[in-house]
Amino acid sequence: MTVSNPQLDVNGELTHLLTVEGLPREIILRILDTAHSFLSVGEREIKKVPLLRGKAIFNLFFEASTRTRTTFEIAAKRLSADVINLNVGTSSQSKGETLLDTVANLSAMHADMFVVRHSQSGAAHLIARHVAPYIHVINAGDGRHAHPTQGLLDMFTIRHYKKEFSALRVAIVGDVLHSRVARSQIHALTTLGVPEVRVIGPRTLLPSNVSELGVHVYHDMTTGLKDVDVVIMLRLQNERMNGALLPSAQEFFKYYGLTPEKLANAKRDAIVMHPGPMNRGIEIESSVADGRQSVILPQVTFGIAVRMAVMSILAGNA
Amino acid sequence: MNKSLPDAEDLLARLAERMRANVTPDTALIGIHTGGVWLAQRLHKALALKQPLGTIDVSFYRDDYGSRGLHPKVRPSDIPFEVVDADIVLVDDVLYTGRTIRAAMNELFDYGRPQSIRLAALIDRGGRQLPIAAQFIGAEFSVPDTEQIELRKSDEGRLSLVLTRQGAR
Amino acid sequence: MKIQIKGGRVVDPASGADKVQDVFVAAGRIVALGAEPGAFHANRVIDAAGLVVCPGLVDLSARLREPGYEYKATLESEMAAAVAGGVTSLVCPPDTDPPLDEPGLVEMLKHRARSLNQAHVYPLGALTQGLKGERITEMAELLDAGCIAFSQADVPLSDNLVLLRAMQYATTFGYPVWLRPRDAALSRDGVAHDGQVATRLGLAPIPVIAETAALSTILLLVRETGAKVHLCRLSSADGVDMVRQAKALGINVTCDVSANQVHLSEMDIGYFDSNCHLVPPLRSIRDRDAVRRGVQDGTVDAICSDHTPVDEDAKQLPFGESEAGATGLELLLALTLKWADEAGIALPAALARITSAPARILGIRAGSLASGAGADLCVFDPQVRWKVEPAMLKSQGKNTPFAGYEMSGKVRFTLVEGHVVYEA
């Protein structure tokens, strides 16, 4: 049976960040506003505030990732927290310890917060259901399901350059089927009231029910990018060629890779985003990735501020 | 007997006069959100200071984060001048327990080591819980712990003080 | 032991009888209904006032987990669960460890089950050795050991030539083949129905065509071979439609659905509730409604529990890694009554789906209350409300998607061969 939103405590305050889906608009905006204040912290000499001093944040990465783990680590340290990194593949998990046993052992070491990345959808929800009440869980990516901090930092980026959500056209291009980032972005965009969200890709890379998420489906990039304000390119994994989903990276690039010619269909001041890491020449041509419309590098800076905001809001809620 | 609150505009003028002889054009003003920023903007103009105005939000340095969580509305701090070796005056609307000033000073020191920090407050209501004092005061005025003194700004920019009922800060 | 069951509402779906009367049991048989046979002298009188007396339930799929999976459940606990659920005959799928492809294993299972003196156990023999889908099993030997039909359990048989040959071989002797329509490639890696929930939650999808593509192959092979086939665990609107059409064309098949499929849909997965990780997956509300209509109009012949006890550890994993299955022996009756109540079905017609119809599919003399029949009976209170509390279940499997549900109808007495084997 379904239960109440597991991310919110009895007072309706955020106690875990597991997915953007079902997150009230006010909470999303609060995270973005708070992140704005953390940006200036990164620009001064001492890039730290004492907010999470004495708190222990455990990075539980069951799926390897240097980039995401590093930004969470930087964010936690800028909040003066103690950070412990666990690449669980190499430790007790591989000795057959269950996911929940690992979490229970770590909780006994006085963890205050878990940042979890796992290859299975729903892993963060499972952990959140079983931790002690004072421990907060942040989902750093679970299978294909969600990557909420990425979705939020992408919204922060859009707001930074476009100011208002209410009149935008946003296009998400590429492998939506396998993308937790895309799902989080779609939920965030629709919650924030973006009137037109488009997904562009071949039929094999779009989920069969994707329009039920509130998006318009395009298979042709030229029409799909027409008059768009924000272009979000998704990463294409090599494995997709093996599953009979695509013939080759070259053909994908020909029809769905972002080149200056295809980008010209969008508005002149459209911004280009990518969650990283980029496959140059597969999703995106270098001239666009490094070009004047690309905001890919600022996304990384914004990501630290957004993660600081999420951690400090969570840690402050009992 | 209900004492009536002094007029904020009068106090502001008095505060400016008290500060005039004790600041130089290089003195840097930093207003503490939100009331302190309004005051600092007016003082900055009245005292014709050269250094651009700074604003500070102490949400990330408060000592009650553990019990009350993060403030629901956090604003960015903006200090557009070099803090190292600066002669700084912090501006706040109501000086009470002293905890906000303690937080502001801790935050300032994360920007650098100033030459000096002084404090200007429109109202000193007593009730200090830390050894903090203001160098420049508009007036002393105390109210019971169950009440709060708030600075308000009208749409035309006129400042006024009001009393509200709240739990002790 | 002579027993008089007094004043109950006796419902016999096979004959259509539905009246308040007494039932007289002696020497393992029903000796009379209604008037007391002369000088009966019952050893025991069961007061069934306000209760329903019906044939013991016949469950077409209940995993007992022996041999091989004793850490999930044992014969003792699951047989106790069966009679607590009013089930007096059950069919056990061949996916034990090792699979039931050796006569010795089947004999041992039957022997163990018989010694418990509870429900009758009818094992399904493996259709292919090791369920691997390559070589057919010694069906005649397995039948002699006690198997009533042959099945691949949930393991898809990808080689259509092997499937064809297995069906032809079985037809030679008139052995029934029980098949779950499941295309191996289309369902590979999938864990949830390819619908809006799997899309939102990022769960690997199993499209409806994984069922219907395999189903159409099976139906064509049935027409080709004349094999006696029972289709297990339909889950989709399209699947039910195909069976309806096949039956209309005179193709001789029967089919069942699990009680889970009658009530639940993909929406019940909620926030990744692994108790809703089932095989076949819970499909859309439209599919569920079509399954219900199919049960109502008889396209679907029987409802089974698909009882699959899973140990706690195997459920406390992320959805996709968790083991599929739900405990169900103790819920089959209440879930059937719940469906009947919601769909406005009369009690005899509803009970037919879990008594006379499955008995007919099995070809056993059970599921009926005629005078002279074996005394396998279920006596239940149709009114009593109770809440499903996993810890209170007799099955070792506490994994149910119905935890916390309010149900109506609880078994008070279960009799097998004239003995009271369960009493609440």
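Colleague: Which domains does the assignment give for chain A?
Modeller: This is a predicted model. The bounds come from a domain assignment, and domain 1 of chain A is written in two pieces, 25-147 and 301-316. The other is domain 2, 148-295. So the assignment, which is automatic or from a database, gives domain 1 (25-147 + 301-316) and domain 2 (148-295).

Colleague: How far apart are the centres of domain 1 and domain 2 of chain A?
Modeller: Take the centres over C-alpha atoms. Between domain 1 of chain A and domain 2 of chain A, the separation is 26 Å.

Colleague: How many residues of each domain of chain A take part in the contact, and which elements of domain 1 give two or more?
Modeller: Domain 1 of chain A puts in 21 residues, and domain 2 of chain A puts in 22 residues. The domain 1 side divides into 10 nonpolar, six polar and five charged residues. The elements giving two or more residues to that side are α1 (25-41), β4 (136-142) and α11 (296-316) of chain A.

Colleague: In what order do the four strands of the open sheet in chain A stand?
Modeller: The pairing is parallel. At the edges are β2 (82-87) and β4 of chain A; each has a single partner strand, so one side of each has no neighbour in the sheet. Neighbouring strands are turned by 15° against each other on average, direction ignored. The order is β2-β1-β3-β4.

Colleague: Which residue of β2(A) is the bridge partner of A:Asn59?
Modeller: Start with the strand pair. β1 (residues 56-61) of chain A runs parallel to β2(A), and six bridges join them. In β2(A), the partner of A:Asn59 is A:Asn85.

Colleague: Which two chains share the most contacts?
Modeller: Chain B and chain C can be ruled out: no contact joins them, and their closest C-alpha atoms lie 27 Å apart. That leaves two pairs of chains in contact. Of these, the most contacts are shared by chains A and C.

Colleague: Which element gives the most to the side of chain A that touches chain C?
Modeller: On this contact, 26 residues of chain A meet 19 residues of chain C. By class, the chain A side has 10 nonpolar, 11 polar and five charged residues. Two or more residues come from each of α3 (99-107), α4 (123-130) and α6 (180-191) of chain A. With three residues, the most comes from α4(A).

Colleague: And which element gives the most to the side of chain A that touches chain B?
Modeller: Here 18 residues of chain A meet 15 residues of chain B. The chain A side divides into six nonpolar, seven polar and five charged residues. At least two residues come from each of α1 and α11 of chain A. With seven residues, the most comes from α1(A).

Colleague: Which strand gives the largest share of the side of domain 1 of chain C that touches domain 2 of chain C?
Modeller: The assignment for chain C gives domain 1 (3-53 + 373-423) and domain 2 (56-362). In their contact, 30 residues of domain 1 of chain C meet 44 residues of domain 2 of chain C. β16, β17 (406-416) and β18 (419-423) of chain C each give two or more residues to the domain 1 side. The largest share, six residues, is from β17(C).

Colleague: Is C:Ser368 buried or exposed?
Modeller: C:Ser368 is found in the loop between α14 (356-362) and β16 (377-387) of chain C. Among the residues C:Ser368 touches is C:Pro55, 313 residues apart along the chain but with a C-alpha separation of 5.4 Å. The cut-off for buried is 20 or more other C-beta atoms within 10 Å. C:Ser368 has 21, so C:Ser368 is buried.

Colleague: What should helix α8 of chain C span, and what distance separates its end C-alpha atoms?
Modeller: Helix α8 (residues 237-248) of chain C has 12 residues. At 1.5 Å a residue, that should span 16 Å.

Colleague: Which elements do the buried residues of α8(C) pack against?
Modeller: The buried residues of α8(C) are C:Ala237, C:Gly239, C:Val240, C:Met242, C:Val243 and C:Ala246. Their packing partners in chain C are α7 (209-225), β13 (229-231), β14 (253-258) and α10 (285-297).

Key:
Residues are numbered from 1 along each chain as its sequence is written. Chains are lettered from A and ligands numbered from 1 in the order in which they are written. This is a predicted model: local features need pLDDT of at least 70, side-chain atom pairs count only at pLDDT 80 or more; totals for chains, interfaces and linings use all residues. Two residues are in contact if their C-beta atoms, placed from the backbone, lie within 7 Å. Ala, Val, Leu, Ile, Met, Phe, Trp, Tyr, Cys and Pro count as nonpolar, Asp, Glu, Lys and Arg as charged, and the others, Gly among them, as polar. A residue is buried if 20 or more other C-beta atoms lie within 10 Å of its own, exposed if 12 or fewer, and partly exposed in between; C-beta atoms are placed from the backbone. Two strands pair if DSSP finds at least two bridges between them. Axes are lines fitted to C-alpha atoms, for helices over the stretch in contact, and angles run from 0 to 180 degrees between N-to-C directions. The expected span of a helix is 1.5 Å times one less than its number of residues. Lists of a residue's contacts leave out its neighbours within four places in sequence.
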